[in-house]
Amino acid sequence: MKTASAILPYFVFQNKPVREYFPALHQQVYGQSLVYFDNAATTQKPQSVIDAIATYYATINSNVHRGVHYLSQQATEAGEETRKRVAAFIHARHAHEIIFTRGTTESINLVAYSYSKLALKAGDNIVISAMEHHSNIVPWQIACEDHGAELRVIPMDENGELLLHTLDNLLDARTRLVAITWISNALGTVNPIQAIIQKAHALGIPVLIDAAQAAPHIPIDVQAIDCDFLAFSGHKMFGPTGIGILYGKEEWLDRMPPYQGGGEMIKSVSFEKTTYNDLPFKFEAGTPHIEGIICLKAAIDFLEALPLTEAHIYEQQLLQYATEQLQQIPDLRIIGQAKKKSGVISFIIEDTHPYDVGVLLDKMGIAVRTGHHCTQPIMDFFGIPGTVRVSLAVYNTVAEIDRLVQSLDRVVSMLK
Amino acid sequence: MTINEIQDELIEEFNLLTDWVDKYEYLIQLGKDLPPIDPQYKTDEYLIKGCQSKVWLHAELKDDGKVYFTADSDAIISKGLVSLVIRILSGHTPEEIAQAELYSIDRIGLKEHLSPTRSNGLVSMIKQMKLYAVAFQSTLKNA
């Protein structure tokens, strides 16, 4: 059993606790110091990202790509520099395989629209899993409805692990895509995406990975895992909100029709015929979220400067410690007990409503999420109205987990 | 006691509780003390819209000409809130309930602590109780 003393009191980064870099963590709510355990919803931002936003507007603010003037060239260069950094961050072959979007949701919608238009026909099918976020369910439902295709679901067991043997029946000659989450936002399960990708590829089926929860926790190498598409968000990895990434293999992106029409995505326009721009601009209609793109670089700088292996070990220790401590609470049941988990603990306390628990924890200065976490099918599977979700980041500490457990003891004594 | 006498009594009780925790503990206790609702009324028909948790409310006009409410919720804080309002309004005439001004809610220091969805739930509960009262008023007039 991992004891508190075996874990560092906090993660140290460049000679000071990593949490010192995040100003929002250092505030009082309801007269108590904030404990922020809602990182799967969004992470706090390091000072360097906050500064980058102010610097952008104080210096090179201008519209990209179109201008001949100095500022526009500076902003364009900075934006394209981020694209290269993102490509390097996930080990993409080419920078033009990186498409900037509004977030994971838009990245998935882009593929659901454009890839389906290219490849999905009546009688085909798309395969997702039982633990997808609504944003990796609904776009495929819409696409399947539009094209007369069938949506198939890989089931899971009571531990929150996918039943992979069912893939042999689910995948067939009419399967056009597998879309699956790397890490479940509601259960914390780390899915064996490598095995799934290999199985799909053996049948010539491309795979989309929802990496929204993975990006802040797991090193990503899209060439090593060989996924065809990968979607993630800046704001869940210490970056600004409103900026997301879609990685797609060039061979797919080249063949896919545009998602939206407008400026920037065209080569030439006449009323008779428009020819589209090259990658990545074909998929980036209109003025992009310039500030978000440029400041995403600061988040990647921060993440890449972190000693990732050590940070990952620390996070796993926190997760294990939190799991063990929470299990000491009578009648607390952890929802999702997969062997491989990351960052998330979902639980219910028998005879209490998750919302009551969340409201009282909030009053004690502890930010958690309660409800269905945009995964209603998971809640239906477990037959519960929702869960209390604690989601961790590298800046959380053992002391915070201890405070959570003490507070939960008090919550339980209040509610029961 | 009149509705306002009950409200003043509640304000006095809550004023003794300075800490929010004490207030919530008291609210939860009120929820626990709420008499159970007849299971036949725990159906979708009796669910109050606008609450994030489930709240069932039933009203009955008895021979004494007064309205008696029963309720339940799957969340204890919501149950405490509905219990609070039942204590204020239950056992009064339809006219008294319809005309009641619930000034106590603001003054017991709970509304400001309740999240908007919870608060809306409370508003929905009161609205539903008044709707029942208005309906019973016309029943009495037509009788």
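Tutor: His91(A) is partly exposed, because 14 other C-beta atoms lie within 10 Å of its own, and a residue needs 20 or more to count as buried. The model is a predicted one. His91(A) sits in the loop that runs between α2 (70-89) and β6 (98-101) of chain A. Its phi is positive, about 60°, although His91(A) is not a glycine. Most residues other than glycine have a negative phi, and most peptide bonds are trans.

Phe238(A) is another non-glycine residue with a positive phi, in this case near 75°. Phe238(A) also belongs to a loop, the one between β11 (229-233) and β12 (244-248) of chain A. Pro280(A) is in the loop between β14 (274-276) and α9 (290-305) of chain A.

Asn109(A) is part of helix α3 (residues 104-119) of chain A and counts as buried because it has 22 C-beta neighbours inside 10 Å. From Asn109(A) to Val86(A) the separation is 23 residues in sequence and 20 Å in space, taken C-alpha to C-alpha.

Next comes the nonpolar interior. In soluble globular proteins, nonpolar side chains tend to be buried together. The largest nonpolar core here has 154 residues, of which Val207(A), Ile209(A), Ala211(A) and Leu230(A) touch the most other members. At least three residues of this core come from each of domain 1 (4-47 + 308-415) and domain 2 (50-304) of chain A. Leaving aside residues up to four places away in sequence, Val207(A) touches Val178(A), Ile180(A), Ile196(A), Ile197(A), Ala200(A), Cys227(A) and Asp228(A).

The two domains into which chain A is divided, domain 1 (4-47 + 308-415) and domain 2 (50-304), have C-alpha centres 28 Å apart. Their contact involves 28 residues from domain 1 of chain A and 29 residues from domain 2 of chain A. On the domain 1 side, α10 (308-327), β16 (344-349) and α12 (376-382) of chain A each supply at least two residues. By class, that side has 12 nonpolar, 11 polar and five charged residues.

Beyond chain A there is chain B, of which 11 residues are in contact with eight residues of chain A. The elements of chain B that give two or more residues to this side are α2 and α3, and α2(B) gives the most, with four residues. The side of chain B that touches chain A comprises six nonpolar, three polar and two charged residues.

Those helices of chain B also pack on each other. The axes of helix α2 (residues 20-33) of chain B and helix α3 (residues 76-89) of chain B come within 7 Å and cross at roughly 80°, which means that α2(B) is roughly perpendicular to α3(B). From α2(B), the contact uses Leu27(B), Ile28(B), Leu30(B), Gly31(B) and Asp33(B), and from α3(B) it uses Ile76(B), Ile77(B), Lys79(B), Gly80(B), Leu81(B), Ser83(B) and Leu84(B). This helix contact divides into seven nonpolar, three polar and two charged residues.

Definitions and conventions: Residues are numbered from 1 along each chain as its sequence is written. Chains are lettered from A and ligands numbered from 1 in the order in which they are written. This is a predicted model: local features need pLDDT of at least 70, side-chain atom pairs count only at pLDDT 80 or more; totals for chains, interfaces and linings use all residues. Axes are lines fitted to C-alpha atoms, for helices over the stretch in contact, and angles run from 0 to 180 degrees between N-to-C directions. Angles under 35 degrees count as roughly parallel, over 145 as roughly antiparallel, 65 to 115 as roughly perpendicular and the rest as oblique. Two residues are in contact if their C-beta atoms, placed from the backbone, lie within 7 Å. Ala, Val, Leu, Ile, Met, Phe, Trp, Tyr, Cys and Pro count as nonpolar, Asp, Glu, Lys and Arg as charged, and the others, Gly among them, as polar. A nonpolar core is a set of buried Ala, Val, Leu, Ile, Met, Phe, Trp, Tyr and Cys residues joined through C-beta atoms within 7 Å. A residue is buried if 20 or more other C-beta atoms lie within 10 Å of its own, exposed if 12 or fewer, and partly exposed in between; C-beta atoms are placed from the backbone. Domain bounds come from an automatic or database domain assignment.
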